[in-house]
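The sequence and the structure are shown first.

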Amino acid sequence: MEQSKRKDLKIAFNLTFMQLGWSTWMIGIVLLMFITLQIFTDFKLFLNDEEVAFQGFIHFIENPYKIFMLVVGIMSVPKFLSWFVKTGVTRKDYFTGTAVASAGLSVIFMIIALVIAGIEQLVAPVEVVTFLGEDATWLMIFIVYTLNIFVYYLAGWLIGAGYYRFGFWGLLLSIAGALGLIFMMDLLWTNELETPLHAFENMPIFISFGVTVILIGISLWVIRMTTKRVRVKL
């Protein structure tokens, strides 16, 4: 039991820093683009959106974070599961370690974003406006954005696991599930889509938190069931 826990932690540690290393390119490029646009171009004209132009670095890096987590999540099963099993790691250890690593990576991402946003406030203050509204605290922004980024990893993980276990039809079903998960997160938090369901813009925040936790739990359960007895391609 203790040995298994050590493997969980070791996998989580290794995956966190491996994926964080991959992300340095993405974060560096996004930061360079942000600074360049701020200094050398009319940010408002480039983005063609006055609101987006002045919402700061957190808003600017939100979508790159989501795309990165989605892609890394898709790669998780085909890239890491086979390799870990070949080294004697159980599927359960792989699942637990990956889940912890993805949650940790989400937290680290938002810490980096908040540090850069803090520096931004010192150098060139802007009014930080997120989908949580103008009155949202930094703590609330940190928690909600972390959850959203984490869910994108789970969506990618669902796709990777579904394809690895069931092939083409599994890929189709898992993509549908991942899109449903992303749709629900948009409905609960950002309201960027325009559907009849998005008419309920003022959803109580405790409902958004509660449903988000349930969605995360269901996603993790489905991934665990999908990878629990999967035949590993060595």
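E62 has a relative accessibility of 5%, and because the limit for burial is under 20%, this residue counts as buried. Its partner in a salt bridge is K66, with the closest N and O atoms 2.9 Å apart. K66 is likewise classed as buried, at 5% relative accessibility.

**Model and overall fold**

The model is predicted. Its protein chain has a mean pLDDT of 85, and 86% of the residues reach 70 or more. Confidence is lowest in helix 3 (residues 50-53), with a mean of 52, and highest in helix 7, with a mean of 94. Where pLDDT is low, the predicted coordinates should not be read in detail.

The secondary structure consists of seven helices and zero strands; from the N terminus on, the order of elements is α-α-α-α-α-α-α. Of the contacts in the chain with a separation of 6 or more, 76% join residues 24 or more positions apart. The chain has 234 residues, and 43% of them are buried. Its accessible surface is about 12900 Å², with 69% of this belonging to carbon and sulfur atoms.

**The nonpolar core**

The largest nonpolar core comprises 61 residues, and those with the most contacts inside it are I58, Y65, M69, Y94, F109 and W157. At least two residues of this core come from each of helix 1, helix 4 (56-86), helix 5, helix 6 (138-190) and helix 7 (205-228). The greatest contribution is that of helix 6, with 22 residues. In soluble globular proteins, nonpolar side chains tend to be buried together.

What does I58 touch, not counting residues up to four places away in sequence? The contacts of I58 under this condition are M110, A113, L114, A117, W138, I141 and Y145.

**Individual residues and a surface patch**

| Residue | Relative accessibility | Class |
|---|---|---|
| T16 | 8% | buried |
| S208 | 2% | buried |
| L122 | 75% | exposed |

T16 is part of helix 1 (residues 2-40). Apart from residues up to four places away in sequence, T16 touches A101, L105 and I108. The C-alpha atoms of T16 and S106 are separated by 9.6 Å, although the two residues are 90 residues apart along the chain.

S208 is located in helix 7. Leaving aside neighbours within four places in sequence, the residues in contact with S208 are L188, W189 and M203. Because its relative accessibility of 2% is under 20%, S208 is counted as buried.

L122 is placed in helix 5 (residues 91-123). With a relative accessible area of 75%, which is over 50%, L122 is therefore classed as exposed. Together with V107, I111, V115, I119 and V123, L122 makes a nonpolar surface patch of about 580 Å².

Key. Residues numbered from 1 in each chain as written. Predicted model: local features only at pLDDT ≥ 70, side-chain atom pairs only at ≥ 80, totals over all residues. Heavy atoms only, no water. Helix = DSSP H or I, 4+ residues; strand = E, 2+ residues; numbered from the N terminus. Buried < 20%, exposed > 50% of the residue type's maximum accessible area, 1.4 Å probe, protein only. Contact = heavy atoms within 4.5 Å. Patch = residues over 30% accessible without salt bridge, like charges linked within 9 Å, V, L, I, M, F, W, Y side chains within 5 Å. Areas by Shrake-Rupley, 256 points an atom, 1.4 Å probe, with all protein chains shown as cover. Salt bridge = Lys/Arg side-chain N within 4 Å of Asp/Glu carboxyl O. Core = buried A, V, L, I, M, F, W, Y, C linked by side-chain atoms within 4.5 Å. pLDDT = per-residue confidence, 0-100.
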